[in-house]
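Okay, everyone, thanks for coming. Let me put the structure up, and then I'll talk you through what I'd look at in it.

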Amino acid sequence: MVRQIADALRAAPSEGLDAAIDAEHAVLFAHLAEAWPAQGYEDEALQYVERATRSGAHGQRGAALFGGLTGVGWAIDLLHGRLFEADGDPNAAVDALLMRTVARSPWTAPYDLISGLVGIGVYALQRLPRESAATILAQVVARLGETAEPRDEGITWRTRREWRPNRNPGGPIEDPGYDLGVAHGVPGVIALLGAVCAAGIEVPRARALLDGAVAWTLAQRLPPGSESVFPYSTRPGERGEAARLAWCYGDAGIAVALWSAAHAVHQPSWTRDALAIARQGASRLDGAHDVRDAGICHGAAGLGHLYNRLFQATGDEVFRDTARAWFARALAMQRPDAGIAGYLSFHAGTDSWDKDSSFLTGVNGIALALLAAATPCAPLWDGRILAALPIDT
């Protein structure tokens, strides 16, 4: 299946791709080249790198980790020294821009992984041990500290109305409250702060925020017997509705984020909580009918990869079996003559099915997750989704 996706991307018209997609394809084809050398994948990866960086194209779409400058820079840094060599630092200008960006106070932009502070932090983690990366991370921690909201249960971050699209044109935008998804919410902050502490950057401030964020998040658990452990989001006085199982929202993503932070700061009680959350998610395999496509973000391959990582990190055979089951579902979702290599992606916002070659919701991510499951090729890419758990030796 990975080869089918690669062949479909090779055959697809290259016009119309933007720098962010080009960078994602460079990462995919570099991993393909490692898994199967001497089959032309390396040359194609290099072509995507050239296109992503040509004429400063990666500076045209803002600083988002997904769809913007930071994501392209992250991919270029990942591949620099592995896939290609360059004179000087190809991301020096990106670092300079991001240092100016995160120095702004007060911070009024999103704090999340997809388009905000956490995403910038993920880029800077990839850039360590450069001094510029440490400076960016210190400023990210400072901005997270400024925007944090103390609550009785701990520390959290509110999602502002203006950060969310209005799905009721002409009407008021609903208050999003406090988001519990890795993609847009507090669990992403938890995973990032754990990594920052492990890197030895701003440890007292980062650890205080981390402890408060974990305490608040665990306090949002739904009552026993609920369909999920955590809701999508909460508002003051409201508990929130049970969430589907996915990376972007739901118990699997939260479990991996919490396990990652627990390992980073050596906190056994968080490890136990994370594994209990992950096991409850594993028990929902038969009833998870709301997993409609195969992508990384909210699909079957994403869940397969999370449970694959949990198995590698723990050796727990429940996680191994769950990963295999989700990958089997991802393979079964292929439809002949549909989409790209038989895959279409479901977009809940528009309730539509589309061809999608991207990493997060399309076939690029499906191929990378399957490659990590089927070959010894290490998934260097999953630090971008805060899922780079260590392997249990």
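So, across the interface of domain 1 and domain 2 there are 7 residue pairs in polar contact. On the domain 1 side, helices α12 (300–314) and α13 (317–332) each supply at least two of the residues that touch domain 2. That side of domain 1 divides into 18 nonpolar residues, 3 polar and 3 charged. Keep in mind, by the way, that this is a predicted model.

The contact uses 24 residues from domain 1 and 24 residues from domain 2.

Now, how much area do they bury? Between them, domain 1 and domain 2 bury about 2100 Å², with 74% of it on carbon and sulfur atoms. In domain 1, the residues losing the most area to domain 2 are Leu306, Tyr307 and Leu386, and together they make up 23% of what that side buries.

How many salt bridges cross this interface? The count is 1. Arg279 also has a salt bridge to Asp316, and there the closest N and O atoms are 3.0 Å apart.

Let's zoom out. Searching the whole structure turns up 21 salt bridges. One of them pairs Asp77 with Arg127, the closest N and O atoms being 2.7 Å apart. Asp77 is in helix α4 (residues 69–79) and Arg127 is in helix α6 (residues 117–127), so this pair ties together parts that are 50 residues apart in sequence. Buried or exposed? Both Asp77 and Arg127 are buried.

Next up, Glu227 and Arg284, a salt bridge with its closest N and O atoms 3.9 Å apart. Glu227 is in the loop between α9 (203–218) and β4 (233–234), while Arg284 is in the loop between α11 (268–282) and α12, so here the parts tied together are 57 residues apart in sequence. Glu227 counts as exposed because its relative accessibility is 53%, whereas Arg284, at 11%, counts as buried.

And salt bridges that share partners link Asp77, Asp89, Asp95, Arg127 and Arg130 into one network.

Last one: Arg151 and Glu149 form a salt bridge, with 3.4 Å between the closest N and O atoms. Arg151 counts as partly exposed at 33% relative accessibility, and Glu149 counts as partly exposed at 22%.

Definitions and conventions. Residues are numbered from 1 along each chain as its sequence is written. This is a predicted model: local features need pLDDT of at least 70, side-chain atom pairs count only at pLDDT 80 or more; totals for chains, interfaces and linings use all residues. Side-chain values use heavy atoms; hydrogens and water are left out. Contact means heavy atoms within 4.5 Å. Buried area is the accessible area (1.4 Å probe) that two parts lose on being put together, summed over both. A salt bridge is a side-chain nitrogen of Lys or Arg within 4 Å of a carboxyl oxygen of Asp or Glu. A polar contact is a pair of N or O atoms within 3.5 Å; within protein, one must be able to donate a hydrogen and the other to accept it, and residues adjacent in sequence count only if both atoms are side-chain atoms. Helices (H or I, at least four residues) and strands (E, at least two) are DSSP runs, numbered from the N terminus. Ala, Val, Leu, Ile, Met, Phe, Trp, Tyr, Cys and Pro count as nonpolar, Asp, Glu, Lys and Arg as charged, and the others, Gly among them, as polar. Buried means under 20% relative accessible area, exposed over 50%, partly exposed in between (1.4 Å probe, protein chains only).
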